[in-house]
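Morning, everyone. I have one structure to show today, and I will keep it brief.

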Amino acid sequence: MKKAVVASLLGVVSLACVPGIVVAQTQVNLGSQQPAGGGVQMPPAEYNAYNSAITQTDPKAKAAALEAYLTAYAQSSVKAAVLEQLMLAYSAFDPAKTLDAADRLLQVDPNNLRALTFETYFRLTGADSIADPTAKQAALDKAADYAQKGLAVTKPAEMCAADFNTLQTQAKPVFYRAIAMAALNKKDAATAITNFKQELHSVPEADTTKPGPLLQDTYFLGLAYLQSNPPDLLNCTWYVARFVAFAPEPYKTQMLPTAKYCYKKYHGADDGFDAVLASAQKSLDPPADFSIKPAPKPEDMAHDLVTSTPEADLPKLAISDREFVLANGKPEDAEKVWNTMKGKAVTIPDALVIESSPTVLKVAISDDAVQSKTPDFTFNMKAPEEKLPPAAAKKLADEIAAATAVGQKVTLSGTFDSYTPKPLMIIMSDGSVVLPKKTTAKPTPTHRPAPHK
């Protein structure tokens, strides 16, 4: 992106609307900066220094010569034009000095569109390498501030319309991108979406299919839709799929799961995704009739599960399936499943302990609950029935405490008592810990020597 931006800004120096160059040792033509009078008068010595500096072809030599000129002629009538040339020269090899030159130029010419573009671009790219989140956001916000100023600039009187329009066309994608990236980084999805779309629509559509910042920002646009509240999964699918369609490896493979995630989250499965991927190659934005069949609603899925399972087999459903019906089913479907559970005593192995006390255990049992370490069962523990000697009682209590420490997996028994659907919690009464049985070591056989005869 740097080379493209710098090259485009260098190219817009003087177009057809600029009057011809006056060939005179004491008169300087400033191209797009030319005042209405047509030229600037200079003493011969200053002109020679100026001409020697601007005709340098090596960027480093040119920057040094321009700095020398500005030191010698601090009040030069062409100071703004020289600072602009200095900024362009530095941009070829030194971002920090480019920004310094841009700062100096904006002090002389606060609405200089090139300076605002370079401030935006180099501050935006510099933010990429900042690890501290607060400092990174501050750098992005600074770039966005310059971008807002750049978008508000109107044509200077000394610049012809053709020059200004060309320069503005080159600068707009940089400005929109900076505002969008600053917004995306602080989860302002609406602002990010608006500016990413303006950026992508400010260039020919063919440019958005080429590897580079515009294609990358197509992905970020999809990500902004995913960050919306609620997430816009349709647009997330479209723009990330479009990025995947044109991205080179390894980015194609790396970002494909994001496109499929949005699609499956909306549709419920990945069937039909390839058709969306093919369609996304045809246009930047989804067509007006673009749609994806939504996944069935949770209550409909729960109803289908209950009605498609014979009543005799409802108690045999996996605990995760029963939990899904209890949490999402219509009242009649949830009641049908709960009636197969209520009052039944069960023993459940491998319960992951989330919260532990001698009287209450909260554990994760279903696969989803274990994965997220979220309790879905509460066991109200019963007191031990048999009276044990103090030493034996303490030993048993210590064994139970060790077995039910947070993070342990334990076997529990209890009776289904009640439940709450959202968030799902199944309450068990008469809970008890089933400790593993201790194996008794068999006595080692004693071999006696045979008696001597």
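This is a predicted model: local features need pLDDT of at least 70, side-chain atom pairs count only at pLDDT 80 or more; totals for chains, interfaces and linings use all residues.

Start with H267. Where does H267 sit? It lies in helix α12, which covers residues 251-267. Is H267 buried or exposed? Its relative accessibility is 13%. The cut-off for buried is under 20%, so H267 counts as buried.

What touches H267? Set aside the neighbours within four places in sequence. That leaves contacts with I292, K293, P294 and A295.

H267 also has a polar partner. Its side chain makes a polar contact with the side chain of D271, at 3.2 Å.

Now look at that partner. D271 is in a loop, the one between α12 and α13, and α13 spans 273-280. Its relative accessibility is 47%. Exposed would need over 50%, so D271 counts as partly exposed. To put the pair together: the H267 side is buried, the D271 side is partly exposed, and 3.2 Å joins their side chains.

On to the sheet. Five strands make a closed barrel. The order is β3-β4-β5-β7-β6, and the pairing is mixed. Neighbouring strands of this sheet are turned by 55° against each other on average, with direction ignored.

Zoom in on one pair. Strand β5 is residues 377-381, and strand β7 is residues 425-434. How do β5 and β7 pair, parallel or antiparallel? They are parallel, over 4 bridges. For a place to look, take F379: its bridge partner in β7 is M428.

That is my tour. Questions, please.

Definitions and conventions: Residues are numbered from 1 along each chain as its sequence is written. Side-chain values use heavy atoms; hydrogens and water are left out. Helices (H or I, at least four residues) and strands (E, at least two) are DSSP runs, numbered from the N terminus. Buried means under 20% relative accessible area, exposed over 50%, partly exposed in between (1.4 Å probe, protein chains only). A polar contact is a pair of N or O atoms within 3.5 Å; within protein, one must be able to donate a hydrogen and the other to accept it, and residues adjacent in sequence count only if both atoms are side-chain atoms. Contact means heavy atoms within 4.5 Å. Two strands pair if DSSP finds at least two bridges between them. Axes are lines fitted to C-alpha atoms, for helices over the stretch in contact, and angles run from 0 to 180 degrees between N-to-C directions.
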